[in-house]
Amino acid sequence: MDYASFLKRTRVLFCIQNQLARECLAELLAVFVLILPWWKFPIFVAVQIFGSFIAAAAVYALYYDAIWSYSNGTLTASGPRETASIFATYPAEHLSLPNGFLDQVLGTAVLITGILAITDTRNHAVPRGLEPVAVALLVLAIEVSMGSNCGCPMNPARDLGPRLFTLLAGWGTEVFSRGSAWWWVPVVAPLVGAALGTGLYQLFVAFHHPEEEEEEDGGRARRQTKH
């Protein structure tokens, strides 16, 4: 068996006929290629958490007098004078951990789906330059409609960094124990929600875009018609 024949038989053996399955594999490979090298991953995570940590420190410095005046000189994460929720999120009294987890999965899924729709160049695009405004309005809408349960952290770094700051700044370990150890929900649930939102957008929108060849043929046909 020569090399060309071997390649042909191998291609026939591994070729997937199902169009949806091929598109899924293409998306998997594309996302895999887009990730930065794995060795950079922990560095980026640390930098993002540190960024939210120093942002919390800036808020604390800016409102230092107000925080200490309101708390009567005692920094707590619970009670009528608690101030820890200025920095990190905590569940409402009625919220259970399973319901809170679902809240964050759905909230993040909606956020990611909306961002993908806004930034998808093959979709009806937002006017160039207005993408940040559209994303900001999306976040505002989610906060207003879904924020009553736990404040919509929707980002692990956004919640964990400020929580670490309050731990070190005097609020104590209660920032991790309050709400039946709520702290892990804003870290894990948004990751699940982001994957869910991405999958839903691919399934309901991206997989149904016209093929590139069809778009090119349509463009040529329109140009020929005009001439």
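**Close-up 1. Cys152 in the loop between H6 and H7.** Cys152 counts as buried, with a relative accessibility of 3% (buried is under 20% relative accessible area, exposed over 50%, and partly exposed in between, with a 1.4 Å probe and protein chains only). Its phi is near 55°, a positive value in a residue other than glycine. The model is predicted, so local features need pLDDT of at least 70 and side-chain atom pairs count only at pLDDT 80 or more, while totals for chains, interfaces and linings use all residues. Residues are numbered from 1 along each chain as its sequence is written, and side-chain values use heavy atoms, with hydrogens and water left out.

**Close-up 2. Asn72 in the loop between helix H4 (64-70) and H5.** Phi of Asn72 is also positive in a residue other than glycine, near 55°. Asn72 is exposed, at a relative accessible area of 59%.

**Close-up 3. The contact of helix H5 (residues 97-119) with helix H6 (residues 131-146).** Helices (H or I, at least four residues) and strands (E, at least two) are DSSP runs, numbered from the N terminus. The axes of H5 and H6 come within 10 Å and cross at roughly 160°; axes are lines fitted to C-alpha atoms, for helices over the stretch in contact, and angles run from 0 to 180 degrees between N-to-C directions. H5 and H6 are therefore roughly antiparallel to each other (angles under 35 degrees count as roughly parallel, over 145 as roughly antiparallel, 65 to 115 as roughly perpendicular and the rest as oblique). The crossing of H5 past H6 is right-handed, meaning that the near helix is turned clockwise from the far one by less than a right angle, and anticlockwise for left-handed. On the H5 side, the residues in contact (heavy atoms within 4.5 Å) are Asp103, Leu106, Gly107, Val110, Leu111, Gly114, Ile115 and Ile118. They meet Glu131, Ala134, Val135, Leu138, Val139, Ile142 and Met146 in H6. The residues of this contact divide into 11 nonpolar, two polar and two charged; Ala, Val, Leu, Ile, Met, Phe, Trp, Tyr, Cys and Pro count as nonpolar, Asp, Glu, Lys and Arg as charged, and the others, Gly among them, as polar.

**Close-up 4. The contact of helix H7 (residues 156-171) with helix H9 (residues 185-204).** Here the axes come within 8 Å and cross at roughly 170°. H7 and H9 are therefore roughly antiparallel to each other. Pro156, Asp159, Leu160 and Arg163 in H7 meet Pro186, Val187, Pro190 and Leu191 in H9. Six of the residues in this contact are nonpolar, none polar and two charged.

**Close-up 5. The largest nonpolar core, of 17 residues.** A nonpolar core is a set of buried Ala, Val, Leu, Ile, Met, Phe, Trp, Tyr and Cys residues joined through side-chain atoms within 4.5 Å. Tyr60, Ile67, Ala84, Phe87, Trp171 and Val175 have the most contacts inside this core. Helix H3 (41-62), H7 and helix H8 (174-181) are the elements that give two or more residues to this core, and H7 gives the most, with four. Leaving aside neighbours within four places in sequence, Trp171 is in contact with Tyr60, Ile67, Leu75, Thr76, Ala77, Thr83, Ala84, Phe87 and Thr166.
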